[in-house]
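Have the sequence and the model open side by side. We will walk through one region, strand by strand and then helix by helix.

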Amino acid sequence: ALDSVAGIRAVLCLFEGVCTGAADGYGRMTGSPALTLLHLGPGFANGIANLHNARRAHTPIVNLIGDHASWHLEHDAPLTSDVESLARPVSAWVRSVEHANELAPAVAEAIAAARTPPGGVATLVARSDAQWNDAAGPRAAQAPAPAPAVPPKRIARAADLLKAPGSPALLLGGAALRGDPLRRAQRIAAGSGCRLISDTFVPRLERGAGVPPVERLPYFPEQARAFLEPVSALVVVGSRPPVSFFGYRGQPSLLAPDATESFVLAHPGEDLAGALDALAERAGSAEAAPSLAAPPQPEPPTGGLSPETLGAALAATQPEGAIVVDEAATSGLPWFLASAGSPPHDLLGLTGGAIGQGLPCATGAALACPERRVIAFQADGSGAYTLQALWTQAREGLDVTTVLCSNRSYRILQVELARAGIAEPGPVARSLTELDGPPLDWCALARGFGVPASRPANAEELATALQKSFAEPGPHLVQVDL
């Protein structure tokens, strides 16, 4: 079918988790769904983790999953499974098709469902006989349902909170973190004096020189509560009141202090731009002139390799328009702080916490935006989940630079062990968080998948390797030993 009907670019991935993660990256950058083609229930199950991330990001994706012929299901063949039960937890829309004449209208409905604000995963299961039998023909596309407007009473309440004495803040998520909505939020901040804050893990955030600056909520709950302590009122747009990533004994789940009033102005599926426009008018900020002054872009660092020199080197060399997919985990914060004044770029975060997202998501972003350099800022532990994405990058000639942070451990698990009171883990616990026996040779792995690789020895060599990778077409991997 793909050969007989032109218009769909077919991209092969070696693992379904790469396929679904790439669809996530594509959808985040285009706002339109990519189509994943997955092999029955077990194949879909291989891709569920990155669909979990996509669901949290409200990414439009359409999954097409094959299944046994309707008359074969009763015999419980080896690949038989309850595909719909697997699909529902990560899908906003699920349907099974048994007859060929249902397939075209079902696909049209799936695409419309995926594009309905705020965007979501639509999963269509097609029996084999629905695929090989004759059908009536194609169906016209369906328009997605529009985003509903925010009620005026919510606008009024949010304006009152921003104008009240204290230190209010806007917590932005989803589509409010880019384009016109972000600039509307900056006018509100300029007029009311409120802070602009984002979720810790963002689907897509525009940032850099000339872009409205947004503070990021810290990851650890103690830091997040201290960060929010001065906030008198938290007005939420396109997200929800923040919660702790994990539940800890003796600590509350909600991060905002009891004295901080949290109020949801606009839920993710509502008209965020319209809500921010109305709020600016109501709060008297519509004509405010915000300042977009940013800190200077850092100079390339010198000396040894560390998270700090790595962050400075990447911030100093990343090109304008870069798309940075951040799964650097414990090595990523120095770059985020250093890159506030870097040329304008997009940041794609790990929205659902399911690791193994970075390399696939970067692959999909590069397919979506071939004119832009994509940077996969990648930790080694999570990178090992989906390193097959490197092969697809090489096969498709994608402009992806993978900056591989090699600390030879699941460092975040070591941090969480310490937070749980285990200051000196025993040999078994250490063995389950260390990756140095044997260490992963990422340069050899990358070359084995067809991707050129380098391993700089210091910060000066790192900056040179990054600049070289950005200037040359195709994928590159830079292994940074930390």
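In which sense do strand E15 and E16 pair, and over how many bridges? The model is predicted. In it, E15 (residues 453-454) pairs with E16 in the parallel sense. Two bridges hold that pairing. Look at Ala-453: its opposite number in E16 is Leu-477. To get from E15 to E16, the chain passes through H19. This β-α-β crossover is right-handed.

Now stay on E16, which spans residues 476-481. Five of its six residues are buried, so the strand is mostly covered; here buried means under 20% relative accessible area. E16 also has strand E14 (residues 400-406) as a parallel partner. Six bridges join E14 to E16. Find Val-403 and trace across to E16: its bridge partner there is Val-478.

Next, turn to the helix of the crossover. H19 covers residues 459-471. It packs against helix H11, residues 307-317. How is such a pair described? Two packed helices are described by the angle between their axes and the distance between the axes. For H11 and H19, the angle is about 35° and the axes are 9 Å apart. The crossing of H11 past H19 is right-handed.

Which residues meet there? H11 brings Thr-309, Leu-310, Ala-313, Leu-314 and Thr-317. H19 answers with Ala-459, Leu-462, Ala-463, Leu-466, Gln-467 and Phe-470. By type, the contact residues of H11 with H19 split into eight nonpolar and three polar, with no charged residue.

Terms used:
Residues are numbered from 1 along each chain as its sequence is written. This is a predicted model: local features need pLDDT of at least 70, side-chain atom pairs count only at pLDDT 80 or more; totals for chains, interfaces and linings use all residues. Side-chain values use heavy atoms; hydrogens and water are left out. Axes are lines fitted to C-alpha atoms, for helices over the stretch in contact, and angles run from 0 to 180 degrees between N-to-C directions. Helices (H or I, at least four residues) and strands (E, at least two) are DSSP runs, numbered from the N terminus. A crossing is left-handed if the near helix is turned anticlockwise from the far one by less than a right angle, and right-handed if clockwise. Contact means heavy atoms within 4.5 Å. Ala, Val, Leu, Ile, Met, Phe, Trp, Tyr, Cys and Pro count as nonpolar, Asp, Glu, Lys and Arg as charged, and the others, Gly among them, as polar. Buried means under 20% relative accessible area, exposed over 50%, partly exposed in between (1.4 Å probe, protein chains only). Two strands pair if DSSP finds at least two bridges between them. A crossover is right-handed if, with the strands pointing away from the viewer, the path from the first strand over the helix to the second runs clockwise.
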